Amino acid sequence: MGLTNTILGIIFPLKCLLCGKSGIDLCLECLQDAPSAERESAKWIFPIFDYRHPAIKKSLWLLKYNGRKRLANVFAEIIYGKIMEELAELSVMENFSAPILVPIPLSKKRYRERGFNQTELICRELIKIDKTNKKKNFILEDSILIKPNDTEHQARIKDRTQRLKNISGSFSIQKGSDIKGKNIILIDDILTTGATLSEARKVLRQAGARKIIAFAVAH
Ligand SMILES: [Zn+2]
């Protein structure tokens, strides 16, 4: 995979989908100007970009299915800024302190097929950015929330009730994890109906988490 990508990179150098600048499929400057998510979502969920924007849709697809892992960094740059904006208020108003970053997990089967979890990559980049800023605004826990079994792709299910049913009971908490009283920031790539994030929140709550918020790259 790595070598193939290197060779492909020589034959077809990566170019920004929007401005054509070389090096990455979507550059930070263009991403910053991409349209914001506008559709309604639950108050605790903060979606960032409008998924209907072709470059957003395409770049998320490239990260997930084409292994363009560098995109995790540009998405994280934007998400980091948004988290900081929200934390500024939440830490004062809601005592939302020392939050834990939790990526939405993949099942083991899907993780093996893909070789990585895109939301985990974004979380790792968030930690790197935080370190670069000489901060420790949050820590990463990528094995607290697990997905023991595979489920049908949510995107393939059109009906909201069916989506809720499909995802219900699909997450668990890793044995031995202690999240009692902890504040949590869930990270997801694409928000559709919110069924996945709601299910994750439910499971974390049952395990004693205090307050849970979520950020998604696109809605
Ligand atoms: Zn660009």
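Helix 4 and helix 6 cross in a right-handed manner, a crossing being right-handed if the near helix is turned clockwise from the far one by less than a right angle, and left-handed if anticlockwise. The model is predicted, with local features needing pLDDT of at least 70 and side-chain atom pairs counting only at pLDDT 80 or more, while totals for chains, interfaces and linings use all residues. Residues are numbered from 1 along each chain as its sequence is written.

**Helix 4 and helix 6**
- The contact (C-beta atoms, placed from the backbone, within 7 Å) involves Ala72, Asn73, Phe75, Ala76, Glu77, Ile79 and Tyr80 of helix 4, together with Gln118, Leu121, Ile122, Glu125, Leu126 and Ile129 of helix 6.

- Five strands, in the order 1-7-6-2-3, form an open sheet with parallel pairing; strands pair if DSSP finds at least two bridges between them, and helices (H or I, at least four residues) and strands (E, at least two) are DSSP runs, numbered from the N terminus.
- Strand 1 (45-49) and strand 3 (139-140) are the edge strands, each pairing on one side only.

**Helices on the sheet**
- Helix 4 also packs on the sheet, where it touches strand 1, strand 6 and strand 7 (212-218), and its direction makes about 145° with that of strand 7.
- Helix 8 (residues 195-206) lies across strand 1, strand 6 and strand 7, running at about 160° to strand 6.

Notes: Contact = placed C-beta atoms within 7 Å. Axes fitted to C-alpha atoms, helices over the stretch in contact; angles between N-to-C directions.
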